Structure formats: C-alpha cells, structure tokens
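Keep the picture beside you as you read.

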Amino acid sequence: MVIRLIIGLVATVVALALAGRRVRFLYRVAMSGQPAPDRLASAKDNVGDEVKGQVVEVLGQRKLLKWTVPGLAHFFVMWAFIILITVYIEAYGALLTGLDFHIPVVGKWDALGFLQDFIAVAAFLGLVVFAVIRLKNSPAKLDRKSRFKGSHLGGAWLVLFMIFNVVWTMFLFRGAGVATGNFPYGNGAFMSHLVGSALKPAGHDVNEALESVGLLLHIGVMLVFLIIVLNSKHLHIFLAPLNVMFKRRPDALGPVPPMMSDGKPIDFEEADPDEDTFGRGKIEDFTWKGFLDFASCTECGRCQSQCPAWNTGKPLSPKTLIMDLRDHALAKAPYILAAEGERDNLPEDVLKEAGRPLVGDAESMGVIDPDVLWSCTNCGACVEQCPVDIEHIDHIVDMRRYQVMIESSFPSEAGVMLKNLENKGNPWGMSEMKRADWIEELDFEVPMVEDKLPEDTEYLFWVGCAGALEDRAKKTTKAVAELLHIAGVKFAVLGPMEACSGDPARRLGMEFIFQMLAQQNIETLNDAGVKKIVATCPHCFNTLSNEYPQLGGTYEVVHHTQLLSHLVETGKLTPVTPVEEKITYHDPCFLGRHNKVYSQPRDIMAKVPGVQTQEMHRCKDRGFCCGAGGARMWMEERIGKRINTERVDEALETDPDTVSTACPFCLVMLGDAINEKKSSGDAKDSLEVVDVSQLLIRSIKGEPDPEAEPAAAE
C-alpha cells in the first residue's frame, strides 16, 4: 500500500505541476490580446442566459446533436467525462485510505454503480462510432470532401486511444475489486461484476495485485491524458464551457461587432491609426475572446463541410483558418510574452514566426493567405454549425478591416464599389434620382418622404440599392409595393433621400464608409420620424435592425416576407388563382441564418393554390449561399467553381419549374447561373428565379407572369 501511495502521489504532483505550468502559459497568451469588457459585462448581465447556454449547449449538446449519430456518440463520451469523476474520487480514496474505500452516503448506491458502468460502456461504443466515422471519412479517401481534411489526425486517434485506456483500466481495477470483495456496489454495476466474475478464478492474491495495478494505471492514464489535453485540440474539454459563456448573445448570428480599440468603440473623428487598433493586423490585436475561440476549436470540420467557399474548390476553410491563427499564436507566444529588451535573444524559429505577416501570400509567409480572407461570403454556415460557438465571421471581418483601412489591400474591383458608395451612395455609382424611377411603372401613387413621414403612414418601405436600381430586383420592389397597396397598408419611400445601408462596405472591412452611410441614413430616418421599416433586401434588413442600433438608430424592422405572411394570415391578402408549378425555395443567408426567418416565405408559398414545394437537400439552417454576401457581389470569383452555379445545380436536382427566393442578391446570382444553364442546355428554357412576393401577386391578381408568357407560347 505504501509503494502504491508513493507512486500515485508522485505521479499526481508531477502531472499537476506540468498542467499548472501549461495553464499559466495559455492564460498569459490569451490575456496578451486586446481587452473585451463587453463580453464580461454581457456574461454578468445575462446570468439566466448563461445558465441556459450551459445547460442547452454544453450539457445538452444541442449543436452536436444536429448530426444525430456523431452527436449521440459525443454526448455519451462527454457525459462519461463528467460522471466518471465519481470513479476518480473513489480511485483517489482507495489510493489514500485503502482499497475498500467508498464515497460517503452515495458510495454504495446501486444506481450510481449502474450509471458509472453504463456511461463507461456507452463511451466505449461512442469510441467505436468515432473510429468508424474517421475511417469512413478519411481525407486519404475523400480528400477535400472529408471534413477532417486539414485536421491533426494523429492527435485525434491518440485521444480516442486514451479514452479507451480510461475505460479498460477502470473496469480492471473495479473488476479486481469485485473479485477481492472490496467493491462497494451490487449487481447494478453490471460490467464491473461481469469483469469480476471473469477474474475471480485467478485467486485472491492475483486479484489484489491486479486491483493495485489497475488503480495506478487508471490514475496514471488520467494524468497523462490531462497533459495531452492541455497540449492539444482537446483543450476544448475545458474551454468550450467558457467559450459558450462569453459568446455574443444575439438572436441568430446578429450584427458584426463595431471596431474596437483597447476595449472601446473607435470614434473615427478622433481615431489615430498609429495609436488605435484598426482591425487585426497582428495576432496580438485579437481580443482574449479571440484567443479563446482559437484554443476551443475541436477540428471537427463541421464548419468546413458547410462552407460554400470550401465546397466549390476555394482555399478558405473556416476550420483551418482558426487552426492557423491558433498555431501562429502559440508559436509566437514566447515573443509576445518576452520583455521588449529580451526579444532579440529568442530562438531563431520564434523570431521568424514573429516576423510573419498575419495576412500575406506564400512568398511573404503570411499566416492567412489573401485568397482565404477574400473568399468568405459571410454566410454564417460556419458559426451556425460550430459546436463550441467560435465566431469565424467576426475574425474574418476584423482582419479585412486592417487590410482595407491600413494596408489598402483588397480586390481591385471592390475599390470601384467603395468609390461609388462614397460618391453616389450606391454600389453601382448611379444617380440618386434614379432611385424613384420604379414608381413611374405603377398605376397608383407611392408617397415619397419630403420632410416628415405622413401621419397615417404605418411603414417606411426601405427599397434598397438593388431594389431601386437593378432591373430584376425592381420587379420585387414593384410586387411588394402593389401587395401593400392592395392590403391597405399605408407606406412611403425615401426615394433619392435613401442611401446604401452600408452593408457592402462593412462586410468588405471599410468601416469608415459604413459609418458614414449609416449615420447619414439614421439622421434621415430620425428627422422623418420613422419608427417602423419594411425592407425587401435581407442585407438591408439585417443592417437596419441589428447594426444601426450600434450608432443610435433603433427601429422596428421587418422583412417583406414577414409582413406579407402576416397580411395573408390575417386575410388582408388572399391568393386565389392557382400557380401550378413545382417550386424550390432558396434560403438567403442574411434572412435565414443571420435572422432565423425560415418559415414566413414558405408559409406564403403554402397559401398559394397549386404550388408544389420541394426542398433542396441543403436548406434552412443548412442552406447553401448564393455567393453574393460578404461584399462578394462586387468581387470576381476566379477560383474553383462558382458558388451560384453550385447552388443552381442543387436546385436543378429537384426538377423545378421555378426557383423562388427572398433576396435581390440571390435573385441576381441564381438568375445568372440559371441563364448559363439554359445556354448550355442543362436547364429548361421556362425555368425562372422569382421572389416569393412575385408568386403571391400573380395568385392574388390572377395574372400570368409576363416573363413566363414567351416560354409558354414557345
């Protein structure tokens, strides 16, 4: 017993010393970043949400269980880590006081013995599932189609092996305890008794020795596992609850956070690029929450499997982007933590790492390649799928901010868009007077705000740049205006007084132009006395409702599908004429994942007689981007397959008569891809992409779609 005690205690002290040293190092690295007082304040002010988050996300494994089989396997393995703490309490009790130790009060309850054995067996079965999944989805077989492509595969197998060691050493010392009579639980601990029955013929002395060996092995495996976890991707075991605790808490994905420097929002009237932190130009510019994100990554690849850029042959993988930032942070850590006068004496490899630009091509040894940074569409699939709530988009936008505002380094065609926004207030550089041209094509009067919103006006109709200036999107604008008119909803428009919401500038990283446009619009809206807004563009909808409050513009904003769905539900709009078509609906990212508006567009189509809806295999919160978000609408797509083509290929699998959507950007992107398919003979000539509102107006007015007439005649 003395030898057993000495070995166990020495091993524990050494392991805890190494673990403590590693924890201190990781803490110092994280705290070297920018402060994030808003995260601490949010956690303090939302204790109820914090508790709910821990119960639902951490203990309930909500996001992981979206993928049922691996989710269940992880659920049992995770709970094994929690429940088997009681076994380690028993193990250390046996080490310190004797092999017949049991936990006071509960240590002889058969229910606890059963739970311990059950969860250990379930964890073992989970390991089998994980092993099968990894073999089946091996990058060696599937290459880019494997979500494990780019992950540290050896480390993952090592962890599975260590969990297996925890399980078998547990049953070894418990089974030997059954054979020697030291085991406190009855037959409820079914597996321990089964192992004990197998060991009993070996005799008391052998089993007593096995009990001591098994006990030391069980403790030793845990201590080695602890060191491995603290030095690997499985650090998420400890950090995931913290990352969930300090995540942003919007409904859905919410707004892009404002630019912060030293924990405070940047005021561009007083900001100094030499003193203030503009975006993220080096790894130390990230906040401690950013470092927490990097260290929490499990390398599971769920984000990668859903990313439209990765799925179309582009270099962006949200997973490897986070991994690269993490690896760079850890490699540069000695330089970051060293006193300024000591840095020149650091090893050459550390100095070389410290000299790498955060964003740069292979020649400059950049941590993140520019093609990776600019491939992102901000669709939010990565954030939606991440089981540990990593905020990939925030980090990408912050790195873009530095590239655009400090380095002036971004795709050249996006520069034209920025100049047009700055000079003309819209991405196409068209005259603001053209914003009201669509009104002339209607047979009723649309009130235009001149000074104040008319008193009887219920909604300001925010038309948006595309809705006012792009021919295909104008059809949606006119349909919505006519539907509101038919329903008796009083609305008005700003016309030439409306400027771009600023979404393209913000998503590109040009925060200054975003704030300029936003402040101009907020002043216009406030002066006009606007309280309620309806918008047809999900990008405008998201910006007005989620991001303008950051600058003092708070309004009740609805998307046109939400309002139209309500009007149909309340009988103010009644679709009567059948639209005998098979229709598949494409979820706009900024309407769906960013704002959780999934049901209303589908509800509208469900009320239109004759419509047969068919979902694409990627839909709703797993919907696939059209390729226009993240300011990519104004950037050429030169790498891999075009994202809009990939999405239309998915739509064509449903053999639709019509593709519907609820976003002008999606309308343009999908329309372009469909026209290409028509030209190549891969799509029928009658196939069109229309907004949900266009389907509704056709059914209400009983008029055929003028675009469909030529195809029908042919």
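## The largest pocket

Helix 4 gives the largest share of the lining of the largest pocket, seven residues. Helices here are DSSP runs (H or I, at least four residues), numbered from the N terminus. A pocket is found on a 1 Å grid over the protein atoms alone, as an open set of points with protein on both sides within 12 Å along at least five of seven lines, and lining residues have an atom within 4 Å of a point.

This pocket holds about 1,200 Å³ of space, where a volume is the space filled by probe spheres set on the grid points, which are joined across faces, edges and corners. Its lining has 48 residues, and Val77, Met78, Phe81, His236 and Ile237 are the closest to the centre. By class, the lining has 36 nonpolar, five polar and seven charged residues. Ala, Val, Leu, Ile, Met, Phe, Trp, Tyr, Cys and Pro count as nonpolar, Asp, Glu, Lys and Arg as charged, and the others, Gly among them, as polar.

## About the model

This is a predicted model, in which local features need pLDDT of at least 70 and side-chain atom pairs count only at pLDDT 80 or more, while totals for chains, interfaces and linings use all residues. Residues are numbered from 1 along each chain as its sequence is written, and side-chain values use heavy atoms, with hydrogens and water left out.

## The largest cavity

A cavity is a set of grid points where a 1.4 Å probe fits but cannot get out. There are six cavities of 30 Å³ or more, and the largest holds about 130 Å³.

Which helix gives the most to the lining of the largest cavity? Helix 8 does, with three residues. The residues lining this cavity include Phe101, Phe173, Arg174 and Glu211. By class, there are seven nonpolar, two polar and three charged residues in the lining.

Helix 22 (residues 471–487) and helix 30 (residues 692–701) pack at an angle of about 45°, with their axes 9 Å apart. Axes are lines fitted to C-alpha atoms, for helices over the stretch in contact, and angles run from 0 to 180 degrees between N-to-C directions. The two helices are therefore oblique to each other: angles under 35 degrees count as roughly parallel, over 145 as roughly antiparallel, 65 to 115 as roughly perpendicular and the rest as oblique.
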